[in-house]
Amino acid sequence: MKAFVVQNYGKKEELTLREVSKPILRENEVMVEIYAAGLNQLDTKILSGEFKMILPYKTPFILGHDLAGIVIETGSKVTKFKIGDEVYARPSDHHIGTFAEYLAVEETDLALKPQNLSMDEAAGVPLVALTAWQALVEIGKLKKGQKVFIQAGSGGVGIVAIQLAKYLGATVATTAGKASFPMLKELGADVLIDYKTQDFETVLKDYDLVLNSQDTKTLKKSLNVVKTGGKVISISGPPTPAFAQEIGASWIIRSVLSLLSFGVRKKAKRQGIDYEFLFMKSSGKQLGQITKLIEDGTLKIVVEKVYPFSQTNEALNHVASGRAKGKVVIKIK
């Protein structure tokens, strides 16, 4: 099969299109013929080597964290899916590789594709939707009447998180460029802040929850808009000792991560705020719940551009630029 492979880590490295062996199917896995794959900032960070400490993939390996496709074979212990099912997934860490024609995916990572989405649209959903769900529902426990600040509203995570927060009954503030304001207002954002001309720190006050996706400087400023007893969840770091322990990191990596997040954790503790780093986990069960929200019209999917499979590197560069408004997808079939 054809696949785009990481040959070497590096900020200027590109993926290499290679002919590789089709995956071997295990008893608890489903073989998916991939029709489309979504691209994420996580892909660019893994390629650059930025996440080697957390995800030490040995080169060469196939990149890609989102897929939509059709089941062509099932393992002997698979019970929830059958040949011909249209599915989508964010394969679990160390089982990635969606920039390819086929992938063996663990049954627990899969869900049936929303019936009202095309393969291209569905491919852009799993990672960002699961991130938003785990931040707002699982960890943030966002309730009706609360206030949430979601940074970078026009990004992949932001678009889903705004809609999910409105569904949960929260007041939503977000940052974006003015050109994105009409779209974000339509999706449910209540407070729109132009990141080019406004400082969110002077606009927002006494928020219950912040979903941080920007740099550490922005994260520290975010602590100032949260009320005592509130929570800040960051999907862009810095990771915490609790996260290091969760992934079974060595004591050296635990020490490094503890040092990286020390300033943020200290400031949060001093202000009576709970700080947590979120590295989303695969979950077919949660994806199934997200599917229902997509099918009943609660969540709308925004795909900015679909690239042909041959232009995967161009698509990845577009994502890395940070200018994408919505999801970027590659069409494989």
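**Entry 1: nonpolar cores**

I began with the largest nonpolar core of this predicted model, and I found that this core has 106 residues. I listed the members with the most contacts inside the core: Leu-63, Tyr-88, Val-148, Ile-290 and Ile-330.

Leaving out neighbours within four places in sequence, I found Ile-290 in contact with Tyr-88, Val-125, Ala-129, Leu-130, Trp-133 and Leu-299. I also noted another core, apart from the largest one, of nine residues, including Ala-3, Ala-100, Tyr-102 and Ala-104.

**Entry 2: domains and their interface**

I recorded the division of the protein chain: domain 1 covers 2–126 + 282–331, and domain 2 covers 140–277. The centres of the two domains, taken over C-alpha atoms, are 25 Å apart. Across the boundary, I found eleven residues of domain 1 in contact with 16 residues of domain 2.

I looked up the area as well, since the size of an interface is often given as the accessible area lost when the parts come together. Domain 1 and domain 2 bury about 1,200 Å² between them, and 74% of this lies on carbon and sulfur atoms. On the domain 1 side, Met-53, Ile-54 and Lys-325 lose the most area to domain 2; together they account for 40% of what that side buries.

**Entry 3: helix 11**

Which residues of helix 11 (residues 312–320) are buried? I listed Thr-312, Asn-313, Ala-315, Leu-316, His-318 and Val-319. I then checked what these buried residues pack against: strand 1 (2–6), strand 3 (29–39), helix 1 (41–48), strand 15 (303–308) and strand 16 (327–331). Just after helix 11, I noted that Gly-322 takes a positive phi of about 80°.

**Entry 4: the whole chain**

I counted eleven helices and 16 strands in the protein chain. Its C-alpha atoms fill a box of roughly 55 × 45 × 35 Å along the principal axes. For 333 residues, I would expect a compact globule to have a radius of gyration near 20 Å; the protein chain has 19 Å, which agrees.

I noted that buried residues make up 54% of the 333 residues. The protein chain exposes about 15,000 Å², with carbon and sulfur atoms supplying 51% of this area. Finally, I took the contacts between residues at least 6 apart in sequence, and 69% of them join residues at least 24 apart.

How values were computed. Residues are numbered from 1 along each chain as its sequence is written. This is a predicted model: local features need pLDDT of at least 70, side-chain atom pairs count only at pLDDT 80 or more; totals for chains, interfaces and linings use all residues. Side-chain values use heavy atoms; hydrogens and water are left out. A nonpolar core is a set of buried Ala, Val, Leu, Ile, Met, Phe, Trp, Tyr and Cys residues joined through side-chain atoms within 4.5 Å. Buried means under 20% relative accessible area, exposed over 50%, partly exposed in between (1.4 Å probe, protein chains only). Contact means heavy atoms within 4.5 Å. Helices (H or I, at least four residues) and strands (E, at least two) are DSSP runs, numbered from the N terminus. The radius of gyration is taken over C-alpha atoms; the globule rule is 2.2 Å times the number of residues to the power 0.38. Accessible areas come from the Shrake-Rupley method with a 1.4 Å probe; for residues, only the protein chains shown count as cover. Domain bounds come from an automatic or database domain assignment. Buried area is the accessible area (1.4 Å probe) that two parts lose on being put together, summed over both.
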